[in-house]
Amino acid sequence: MSDTDAGCRGLMPCCPTYPTDGQDMKSCNTFFCDGRIRRPDRERLNGHPARAFWFTGLPSAGKSTLAHIAEEVLHQRGIRTYVFDGDNVRHGLCGDLGFSEHDRKENVRRIAETVRLFLDAGILCLCAFVSPLRANRQAVRDIIGPCDFFEVYVKCPVTVCESRDVKGLYGKARQGLVENYTGISAPYEEPESPDIVVDTSRNTIEESVQSLTDFILQVMTVPCAQKDAQAPGKAVRFP
């Protein structure tokens, strides 16, 4: 069987999906093979569509907590899920990156490309990352695709986040012991048009998880074409 028969579509272009300082990809002479089993086949087997929910917010706003509890709720309903946790990926996939603007950009690029593979596998992805810059979050949306990308703004004032900080990183950042710490020595740009806002300073964990999972379950029923026809950041909203 030839590569063409197997579904290989041709040489990849010599440029990355997400530009990295103008450098070309170093794996240009490779073929992309679709395979015989496609994403719709996997989604039919799973019994639900794949989507990516990108949780953004200040450190200690509650992103990982919400993502993991929501995953448990969805798992109990038979939905195949995976949580991409900001700290966890830095123990492996992104372990060589720091917190400079360049490294933050590369961090979310790697995650977005990985999430895209999980979506192709038919998995619903819950992604908990500070991702403080709008430009980087837009780049993630571009990689994943506006049809599949839902921005979840986990809103919480920095004073409340700092009071919750069991790691003590806010205090270290104020002492100058931790550099480029979002909310203290590095900026956080609030989403301008998130798909849903979950205010963890005003709602309990239970209330926040309920509103979040209700939102996820409802948008999963919205056909891709319906969301894709809307402008980025203007997805179907469920208060």
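# Reading cores, salt bridges and helices in a predicted model

Student: Which residues touch the most other members of the largest nonpolar core?

Tutor: Phe 53, Phe 55, Leu 124, Leu 126, Val 152 and Ile 216 do, in a core of 32 residues. A nonpolar core is a set of buried Ala, Val, Leu, Ile, Met, Phe, Trp, Tyr and Cys residues joined through side-chain atoms within 4.5 Å. Buried means under 20% relative accessible area, exposed over 50%, and partly exposed in between, with a 1.4 Å probe and protein chains only.

Student: Which elements give two or more residues to this core?

Tutor: They are strand 3 (52–56), helix 3 (63–76), strand 5 (124–128), strand 6 (149–155), helix 8, strand 7 and helix 9 (205–219). Helix 9 gives the most, with 5 residues. Helices (H or I, at least four residues) and strands (E, at least two) are DSSP runs, numbered from the N terminus. The protein has 10 helices and 7 strands.

Student: What does Leu 126 touch?

Tutor: Contact means heavy atoms within 4.5 Å. Leaving aside residues up to four places away in sequence, Leu 126 touches Phe 53, Phe 55, Ala 67, Ala 70, Glu 71, Leu 74, Tyr 82, Val 83, Phe 84 and Ile 216. A second, separate core of 19 residues includes Phe 84, Ile 111, Val 140 and Ile 144.

Student: What percentage of the residues of the protein count as buried?

Tutor: Of its 239 residues, 45% count as buried. The protein exposes about 12,700 Å², of which carbon and sulfur atoms supply 52%; accessible areas come from the Shrake-Rupley method with a 1.4 Å probe, and for residues only the protein chains shown count as cover. Among contacts with a separation of 6 or more, 73% come from residues 24 or more positions apart.

Student: How many salt bridges are there?

Tutor: A salt bridge is a side-chain nitrogen of Lys or Arg within 4 Å of a carboxyl oxygen of Asp or Glu. By this rule the count is 14.

Student: Where do Asp 41 and Arg 44 lie?

Tutor: An α-helix has 3.6 residues a turn, so residues three or four places apart point the same way. Asp 41 and Arg 44 both lie in helix 2 (residues 39–46), 3 residues apart, and their closest N and O atoms are 2.5 Å apart in a salt bridge. Asp 41 is partly exposed at 28% relative accessible area, whereas Arg 44 is exposed at 59%. In helix 5, Arg 116 and Glu 113 are also 3 residues apart and form a salt bridge of 2.8 Å, N to O. Glu 113 counts as buried at 17%.

Student: Which distant parts of the chain does the pair Arg 134 and Glu 192 link?

Tutor: Their side chains meet in a salt bridge of 4.0 Å, N to O. Arg 134 lies in helix 6 (residues 134–144) and Glu 192 in the loop between helix 8 (169–174) and strand 7 (196–199), 58 residues apart. Elsewhere, salt bridges that share partners join Arg 39, Glu 43, Arg 51 and Asp 148 into one network.

Student: How does the span of helix 5 agree with its number of residues?

Tutor: The expected span is 1.5 Å times one less than the number of residues. The 20 residues of helix 5 (residues 101–120) should therefore span 28 Å, and the end C-alpha atoms are 29 Å apart, which agrees. Gly 122 follows helix 5 and has a positive phi, near 85°.

Note on methods
Residues are numbered from 1 along each chain as its sequence is written. This is a predicted model: local features need pLDDT of at least 70, side-chain atom pairs count only at pLDDT 80 or more; totals for chains, interfaces and linings use all residues. Side-chain values use heavy atoms; hydrogens and water are left out.
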